[in-house]
Amino acid sequence: MQLPLILQKLFRRRIVMGATIALVLVVLVSVFAGVLSGFDPNETAVSQRLSSPSSVHILGTDELGRDLFTRIAFGGRYSLTIALLTAIGAMVIGTLFGLIAGFFRALDAPVMRVVDAMMSFPDILLAIALVGILGPSMLNVVLALVLVYTPRVARVVRASTLVVRELLFVEAARAIGISQFRILWRHVLPNLMSPVLVQASFIFAYAILAEAALSFLGVGVPPEIPTWGTMVAGSQQYAHQALWIVLFPGLAIIATALSLQLVGDGIRDLLDPRLRKSL
């Protein structure tokens, strides 16, 4: 299926098109933050602290007089990077474990028992415990979230692998003596990309919310790194004086996570043959 046709089918639902546009705008603002703003995200001006939105500071300033739009734009780089690395890591590791568990019967039970044990803990509690063990840093937050969301991908990949491995083309490949690795790489894995991509889009959204929650609780990224979560956490005590310093970073989190969820729903409906007919 050609890319223009795929996009045409995906954007047939206006809500998916709107979510995609919103997501692209968030990414562009984050990437070109230095061009769009003339302020330094860490430049303080105490005399202008808690200034309301104006022509100079379009979203106002925070408790240290830093331009809020600049911090949100630069913070998007960190928040989106954390979420992207989490989605990629969970997708790669989860796919590996799911393939092993679903294709090799002898390894199914032990691998899935580990996955079930990890999924028995609430996501946020497991992430807090892991970051507490590893220490607060951007890299450790990514590692913790990858470990938290890998079991989700592993279960989906395992379920799909159990179906694909019994199909005729896989049986034919075994019959003519193709190695197990080649069967996995050339015949099984390509048929798993649709559910994996859908899961990756959802994990991207979950990771943004999880990073914000960890930073809000004080166990995530260090406060000097301006992620959306650290901005909300550091400004909450001033919310009664200047609502915008909490409102705008919170709206950035909500808009990005919601857009990713809607785009993920659109991709799922497009790739699922049972739902494709309704598009």
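Is Arg-155 buried, partly exposed or exposed, and what is its relative accessibility? At 38% relative accessibility, Arg-155 counts as partly exposed. Buried means under 20% relative accessible area, exposed over 50%, and partly exposed in between (1.4 Å probe, protein chains only).

The views below come from a predicted model, in which local features need pLDDT of at least 70, side-chain atom pairs count only at pLDDT 80 or more, and totals for chains, interfaces and linings use all residues. Residues are numbered from 1 along each chain as its sequence is written, and side-chain values use heavy atoms, with hydrogens and water left out.

**View 1. Asp-116 and its salt bridges with Arg-155 and Arg-113.** A salt bridge is a side-chain nitrogen of Lys or Arg within 4 Å of a carboxyl oxygen of Asp or Glu. Arg-155 and Asp-116 meet in one, at 2.6 Å from N to O. Arg-155 lies in helix α7 (residues 138-164) and Asp-116 in helix α5, so the pair ties together parts that are 39 residues apart in sequence. Helices (H or I, at least four residues) are DSSP runs, as are strands (E, at least two), numbered from the N terminus. Arg-113 also bridges to Asp-116, with the closest N and O atoms 2.8 Å apart. These two residues are three apart in helix α5, so about one helical turn separates Arg-113 and Asp-116. Arg-113 is partly exposed, with a relative accessible area of 49%. Asp-116 is partly exposed too, at 28%.

**View 2. The salt bridge of Arg-165 and Glu-166.** Their closest N and O atoms are 3.2 Å apart. Arg-165 counts as buried, at 6% relative accessibility. Glu-166 counts as partly exposed, at 41%. Elsewhere, salt bridges that share partners join Asp-62, Glu-63, Arg-66 and Arg-71 into one network. The structure holds nine salt bridges.

**View 3. Helix α4 packed with helix α5.** Two packed helices are described by the angle between their axes and the distance between the axes. Axes are lines fitted to C-alpha atoms, for helices over the stretch in contact, and angles run from 0 to 180 degrees between N-to-C directions. Helix α4 spans residues 68-103 and helix α5 residues 105-119. Their angle is about 130 degrees, and their axes are 5 Å apart. α4 and α5 are therefore oblique to each other. Angles under 35 degrees count as roughly parallel, over 145 as roughly antiparallel, 65 to 115 as roughly perpendicular and the rest as oblique. From α4, the contact uses Phe-97, Ile-100, Ala-101 and Phe-103. From α5 come Arg-105, Leu-107, Asp-108, Val-111 and Met-112. Contact means heavy atoms within 4.5 Å.

**View 4. Helix α4 packed with helix α10.** The angle here is about 135 degrees, with the axes 8 Å apart. That makes α4 oblique to α10. Residues of α4 in this contact include Leu-80, Ala-83, Thr-86 and Met-91. Among those of α10 are Ile-203, Phe-204, Ala-207 and Glu-211.

**View 5. Ala-207 and its contacts.** Ala-207 lies in helix α10 (residues 193-216). This residue is buried, with a relative accessible area of 0%. Ala-207 touches Ala-83, Thr-86, Leu-145 and Tyr-149, not counting residues up to four places away in sequence. The C-alpha atoms of Ala-207 and Val-141 are separated by 9.8 Å. Along the chain, Ala-207 and Val-141 are 66 residues apart.
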